Structures are given as C-alpha cells and as structure tokens.
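Dear colleague,

I am handing over the structure below, together with some notes on what turned up in it. Please read the notes with the coordinates open beside you.

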Amino acid sequence: MRIDVVTIFPEFFDVLDISLLGKARRTGILEVVPHNLRDFTHDRHRTVDDTPYGGGAGMVMKPEPWGEALDEVLPEHPDARPVVIFPSPAGTVFTQAMARELAGRDHLVFGCGRYEGIDQRVFDHAATRAEVRLVSIGDYVLNGGEVAVMAMIEAIGRLIPGVVGNPESLVEESHEDGLLEYPSYTKPASWRGLDVPPVLMSGNHKAVDAWRREQQLERTRRVRPDLLPPE
Ligand SMILES: COc1cccc(COC(=O)c2cn[nH]c2)c1
C-alpha cells in the first residue's frame, strides 16, 4: 500500500521509521510518502494561510497550494478513485471497521489541516477526482491533522498482511468483534496479593472462552453500552 500525506510538518512522519511500521516500510509492504504543502507555494514566504472571508478569528488554509499538492499525489486517470482523507473534528468517526476497509486499498492520501481549517473548495474540487472523506478520531480539537493521521496510519497499517508478526494477535482485540476486550493476565500467578482468576489456570478452554466472553460483555455494558449489539 502507498500512503501520501500532505502536511506543513513532513518531518512529523519520520517517527514511523522507528515503530513496527518501519519494518513494513523497509520491506516495501507499506510506503508512506510525506509531501510538504509549502513546496506548492510560490511566494517568498511560502504562505499557506490567509484571513477568513466573512471575518472571524484565526486563519484558513489557502486553496491554491492544496490544489497543486493534490495534483501531484492524485493520479491523472486513476483506474480506481483514490481516497483522500482529511482529519477534522467535523468528520465521520474513525472506527476499526473503517480501518479494516481502508487496509484493503492500494493507495490512500491524507491531508493534514491546520489553523481554523482548509478552504472548502479544496474538498469540493478534490471530490471531482477522488473520494473525499472528513474523518474524526474523537470529539476534541487538535492543532492539526498530523496526530490524527499518525493514529489512522497505525490502525490501518497494522491490519495489512505482513505488517504485524502474528496475524492471530489481530483477531481477539477490542472492537474487532464489536466488543471491548477481556482482561489479560500473565505470570506470576500471584502478585502483591492479587491472584489470576483460577479459570485461566484450569486448562479448560471451553470454560476460559466462556469466561472471556462474559468479561467482554460485562466490560462493554459498563464502559461502552453504545457498542452492545441490539437485543
Ligand atoms: C481540517 O481542518 C482542521 C483544522 C484544525 C484541526 C484539524 C485536525 O483534526 C482534528 O482536530 C481532529 C480530528 N479528529 N478529532 C479532532 C483539522
């Protein structure tokens, strides 16, 4: 998979070389290419923002640099319409299901907004040649999209075959089966007076599976009742 990221802080994505994704990049399974939005400006100050029409505080990202940056990363005549994702507090919430869907694609483009946002015409024009999505990673406001893109790249990248060592470890996880995951334990059997639940030491796999499922349901009922399947 190739991922292009348009940002005013391309160095932000150097950290991906350190993590698990670094191996996936070196082996060619995953290619993440940052593009500096300022490289698509033509004034001495490499200006990417300006004051908002209609007034108001803050600055808005200008459309011209974005247009030229997307010209660079979007294929002229794509066989499949690429997806361009802009993190935004006003977006559709990013979920494990969306991560799974996006992990199946060959090419993703991410656009990192800053300031008060990006001129709306950037999204409107991009929609003539790509599938544009505003995606939120949660109900809070960041200073820019870079942290959100890192989170999405990690969530998507780890689902790509060959990126995570043991694919089995991707199955029993929170949100994979729609429920929160059960509590985990490892040695020692007793630690600071706290013991591992005996069922997990029983060797009775049926009982262990039943206990884990009950723990998932109990935890989901308590913490995230919105995730519970309809009765
Ligand atoms: C598109 O324009 C902007 C403007 C300002 C910040 C951002 C970054 O996204 C978030 O803040 C966010 C994403 N999910 N939850 C919060 C984008």
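Sorted by class, the residues of the shell around the ligand comprise seven nonpolar and six polar ones, and no charged residue is found there. Please keep in mind throughout that this is a predicted model, and that the distances and angles quoted here are computed from it. The shell amounts to 13 residues, of which Ile137, Gly138, Tyr140, Leu142 and Gly144 come nearest to the ligand. Where the shell is divided by element, strand S5, which runs over residues 83-93, gives the most, with three residues.

An oxygen atom of the ligand lies 2.8 Å from a backbone N or O atom of Leu142, while a backbone N or O atom of Ile137 is found 2.9 Å from a nitrogen atom of the ligand. For Tyr140, a polar backbone atom is 3.4 Å from a nitrogen atom of the ligand. On its own the ligand has 410 Å² of accessible area, and the protein covers 95% of this. As for the site itself, the ligand sits in the largest pocket.

Turning to the protein chain as a whole, it has six helices and nine strands. Its radius of gyration is 22 Å, whereas a compact globule of 231 residues would have one near 17 Å. The C-alpha trace, taken along its principal axes, spans about 70 × 40 × 35 Å.

Two places in the backbone deserve a look before you prepare the model. The peptide bond from Lys187 to Pro188 is cis, with an omega near 5°, and Pro188 belongs to the loop that lies between helix H5 (146-157) and strand S8 (190-191).

With best regards

Conventions. Residues are numbered from 1 along each chain as its sequence is written. This is a predicted model: local features need pLDDT of at least 70, side-chain atom pairs count only at pLDDT 80 or more; totals for chains, interfaces and linings use all residues. Side-chain values use heavy atoms; hydrogens and water are left out. A residue is near a molecule or strand if one of its heavy atoms lies within 4 Å of it. A polar contact is a pair of N or O atoms within 3.5 Å; within protein, one must be able to donate a hydrogen and the other to accept it, and residues adjacent in sequence count only if both atoms are side-chain atoms. Accessible areas come from the Shrake-Rupley method with a 1.4 Å probe; for residues, only the protein chains shown count as cover. On a 1 Å grid over the protein atoms alone, a cavity is a set of points where a 1.4 Å probe fits but cannot get out, and a pocket is an open set with protein on both sides within 12 Å along at least five of seven lines; lining residues have an atom within 4 Å of a point. A molecule sits in a cavity or pocket if more than half of its atoms lie within 2 Å of its grid points. Helices (H or I, at least four residues) and strands (E, at least two) are DSSP runs, numbered from the N terminus. Ala, Val, Leu, Ile, Met, Phe, Trp, Tyr, Cys and Pro count as nonpolar, Asp, Glu, Lys and Arg as charged, and the others, Gly among them, as polar. The radius of gyration is taken over C-alpha atoms; the globule rule is 2.2 Å times the number of residues to the power 0.38.
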